Amino acid sequence: MNRAVYPGSFDPITNGHLDILNRALKVFDEVIVLVADNPDKKSRFSVEERVQMIKDATRDMKGVKVDSTSGLTVDYANKVNAKHLVRGLRTVTDFKYEYKLAEAYHKVDPTIDLVFFMADEEYSSISSSKVDELAKSNKDVKNLVPDSVNKMYQKK
Ligand code: ADP
């Protein structure tokens with residue numbers, strides 16, 4: 001089984017994240033979307049809410065699992081026997097950040113590699129924080145996020 005882990009905050013998951021996930025599924029048999037439970041980072045949604053929204057959004061997608069961890073991503077990847085981590089690139093700023101991240105991961109475990117997918121033009125300007133900013137100003141975000149996220153915003 002060619003398994004990869006797609007780690008991130010997913011606060012909340014957006015159509016940009018889903019696009020990366022769909023493309024990763026063409027390369028890997030199984031992709032585990034891994035929500036980072038980082039209490040030091042201020043988040044809009046709880047880990048449980050984020051996991052549930054992703055589960056709802058990926059229900060019909062074959063080969064997707066959803067989980068969370070409060071530990072190191074590399075440790076999680078080893079636990080599930082995954083040798084690749086999926087990430088997405090939108091901008092040069094993303095590249096610089098991801099390059100440092102890849103370097104750090106490589107130091108922790110050189111057997112694990114990061115695999116990057118370039119953001120589709122249609123989604124390259126979508127970020128979780130932008131979505132949240134718009135939703136907080138009562139702007140419609142239904143074209144930027146899956147239904148499960150849109151519903152959660154409406155509920156809040
Ligand atoms: P993190 O806090 O770990 O960066 P995010 O949820 O913000 O978590 O992002 C997870 C990954 O998805 C990152 O590699 C990020 O660059 C990528 N990503 C986020 N939004 C998009 C998008 N619209 N298009 C492509 N990749 C994206």
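The lining of the largest pocket comprises 16 nonpolar, 16 polar and 14 charged residues, where Ala, Val, Leu, Ile, Met, Phe, Trp, Tyr, Cys and Pro count as nonpolar, Asp, Glu, Lys and Arg as charged, and the others, Gly among them, as polar. The model is predicted, so local features need pLDDT of at least 70 and side-chain atom pairs count only at pLDDT 80 or more, whereas totals for chains, interfaces and linings use all residues. Residues are numbered from 1 along each chain as its sequence is written, and side-chain values use heavy atoms, with hydrogens and water left out.

A pocket is defined on a 1 Å grid over the protein atoms alone, as an open set of points where a 1.4 Å probe fits, with protein on both sides within 12 Å along at least five of seven lines; lining residues have an atom within 4 Å of a point. The largest pocket holds about 1,200 Å³ of space, the volume being that filled by probe spheres set on grid points joined across faces, edges and corners. Of its 46 lining residues, Gly8, Ser9, Phe10, Lys41 and Arg87 lie nearest the centre. Two or more lining residues come from each of S1, H1, strand S2 (30-36), helix H3 (73-79), S4, H4 and helix H5 (128-136); helices (H or I, at least four residues) and strands (E, at least two) are DSSP runs numbered from the N terminus. The most is given by H4, with 7 residues.

We turn next to the ligand. The ligand sits in the largest pocket, meaning that more than half of its atoms lie within 2 Å of the pocket's grid points. It is surrounded by 17 residues, the closest being Tyr6, Ser9, Gly88, Tyr123 and Ile126; a residue is near a molecule if one of its heavy atoms lies within 4 Å of it. Strand S1 (3-8), helix H1 (15-24), strand S4 (84-89) and helix H4 (92-108) each contribute at least two residues to this shell, which by class has 7 nonpolar, 5 polar and 5 charged residues.

A polar side-chain atom of Ser9 lies 2.6 Å from a ligand oxygen, while for Tyr6 the distance from a side-chain N or O atom to a ligand oxygen is 2.9 Å, and for a polar side-chain atom of His17 it is 3.0 Å. On its own the ligand has 560 Å² of accessible area, of which the protein covers 89% (Shrake-Rupley method, 1.4 Å probe).

The loop between S1 and H1 deserves a look of its own. Phe10, found in this loop, has a positive phi of about 45 degrees although it is not a glycine. Pro12 also lies in the loop, and a cis peptide bond with omega of about 5 degrees joins Asp11 and Pro12. Most residues other than glycine have a negative phi, and most peptide bonds are trans.

The second largest pocket has a volume of about 170 Å³. Its lining includes Arg44, Lys136, Asp140 and Tyr153, and by class has 3 nonpolar, 3 polar and 5 charged residues. H5 and helix H6 (147-155) each supply at least two of the lining residues, with H6 giving the most, 3 residues.

Key:
Polar contact = N/O pair within 3.5 Å; in protein donor to acceptor, adjacent residues only side chain to side chain.
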